[in-house]
Amino acid sequence: MKTKRNIIEIDKDLCNGCGQCVLACAEGAIELVNGKAVLVSENYCDGLAACIGECPEGALKIVEREAESFDNEAVEQHLKNKELFHNHISDHETIKEDVLPCGCPSTNMQIFSSPCEAANHPSLFTREDSSLMHWPVQIRLIPPDALFLKNADILVAADCTPVAYPAFHKDFLKGKAVLIGCPKFDDTEAYIAKFAEIFNNAGIKSVTVLIMEVPCCSKLPMIVHQGMELSGKKVPMEVVVISARGKILKKEKM
């Protein structure tokens with residue numbers, strides 16, 4: 001039933017996707033969709049505006065308009081469903097590090113298993129199992145001082161490669177920390193600076209760069225190599241090129 005009442009309004013143009021309002025909303029009325037905060041259902045919002053003070057961009061405000069009435073029972077069921085979902089996907093015991101400064105829930109760092117565990121007990125990681133050992137995986141979201149990067153073998157993968165190569169986990173990911181990005185659409189200079197910090201501080205043991213055969217992917221090895229040069233470190237590096245049909249075309253030591 002709709003009534004005229006106070007309800008949250010989100011300016012998507014101002015929203016930077018930090019997720020602070022998601023954390024502040026006890027009713028779970030706000031979620032991130034495609035990098036922007038959205039009101040998932042009018043009847044989850046009580047209109048009390050606890051989220052507004054958490055927004056660093058001023059993207060939230062309370063307006064009075066026709067909206068579905070607040071439904072406490074619906075909120076309780078919604079929160080219960082979210083809890084069940086998160087419990088369902090948490091198949092591993094995890095170690096959680098601090099949330100990154102932007103506060104986005106997707107940047108909660110987690111370590112699923114140690115590199116040594118995956119390397120020394122490969123029988124535990126069958127082809128049906130995920131070999132992913134940490135979260136997040138996007139280059140832009142991983143801080144250079146993340147624990148899972150310390151003394152690690154790293155896999156830097158163009159984000160199309162896991163889709164194209166069917167044995168990505170078994171052949172490339174197992175035992176490695178992974179950083180995924182798109183050399184065509186992402187910020188080249190920011191990536192070079194981040195890799196310089198990683199090589200300078202993390203004690204990286206080796207690097208595998210996995211790219212597609214398409215020309216735009218050729219930037220990724222250059223980005224990683226320039227970051228390494230800026231750091232003054234010398235780390236063994238291999239570049240692997242994957243075809244659009246999921247075949248290994250070339251392996252090259254750099």
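The legends below describe close-up views of a predicted model.

**Figure 1. Overview of the chain.** The predicted chain has 254 residues, and 44% of them count as buried. Its secondary structure consists of seven helices and twelve strands.

Figure 2. A disulfide is a covalent bond between the sulfur atoms of two cysteines. With a cut-off of 2.5 Å between cysteine sulfur atoms, the model has zero disulfides. Cys25 is in no disulfide, and the nearest cysteine sulfur belongs to Cys51, 6.1 Å away. Cys216 is likewise in no disulfide; here the nearest cysteine sulfur is that of Cys217, at 5.2 Å. Cys25 counts as buried because its relative accessibility is 13%, and the limit for buried is under 20%. Cys216 has 29% relative accessibility and therefore counts as partly exposed.

**Figure 3. The largest cavity.** The structure holds two cavities of 30 Å³ or more, and this view shows the largest, with a volume of about 100 Å³. Its lining is made up of 14 residues, and those nearest the centre are Cys25, Glu27, Cys45, Asp46 and Cys51. By class, twelve of the lining residues are nonpolar and two are charged, with no polar residues.

**Figure 4. The second largest cavity.** The space in the second largest cavity comes to about 70 Å³. It is lined by 13 residues, of which Cys15, Asn16, Cys18, Cys21 and Cys55 are the closest to the centre. Nine nonpolar, three polar and one charged residues form this lining.

**Figure 5. Asn43 in the loop between strands E3 and E4.** Asn43 is located in the loop that runs between strand E3 (36-39) and strand E4 (60-68). Asn43 counts as buried because its relative accessibility is 18%. The C-alpha atom of Asn43 is 5.4 Å from that of Ser69, although the two residues are 26 residues apart along the chain. Ser69 is also one of the contacts of Asn43 beyond four places in sequence; the others are Arg5, Glu68, Phe70, Asp71, Ala74 and Val75.

**Figure 6. Thr188 in helix H6.** Helix H6 covers residues 188-201 and includes Thr188. At 15% relative accessibility, Thr188 falls under the 20% limit, so Thr188 counts as buried. Not counting residues up to four places away in sequence, Thr188 touches Pro183, Lys219, Met222 and Ile223.

**Figure 7. Val239 in strand E11.** Val239 is part of strand E11, which spans residues 237-242. With 7% relative accessibility, Val239 counts as buried. Thr208 is 31 residues away from Val239 in sequence, and their C-alpha atoms are 5.9 Å apart. Outside the four places on either side in sequence, Val239 is in contact with Val209, Ile211, Pro221, Lys250, Lys251, Glu252 and Met254.

Notes. Residues numbered from 1 in each chain as written. Predicted model: local features only at pLDDT ≥ 70, side-chain atom pairs only at ≥ 80, totals over all residues. Heavy atoms only, no water. Buried < 20%, exposed > 50% of the residue type's maximum accessible area, 1.4 Å probe, protein only. Helix = DSSP H or I, 4+ residues; strand = E, 2+ residues; numbered from the N terminus. Contact = heavy atoms within 4.5 Å. 1 Å grid on protein atoms, 1.4 Å probe; cavity = no way out; pocket = protein on both sides within 12 Å on 5 of 7 lines; lining within 4 Å. Points joined across faces, edges and corners; volume = space filled by probe spheres on them. Nonpolar A, V, L, I, M, F, W, Y, C, P; charged D, E, K, R; others polar.
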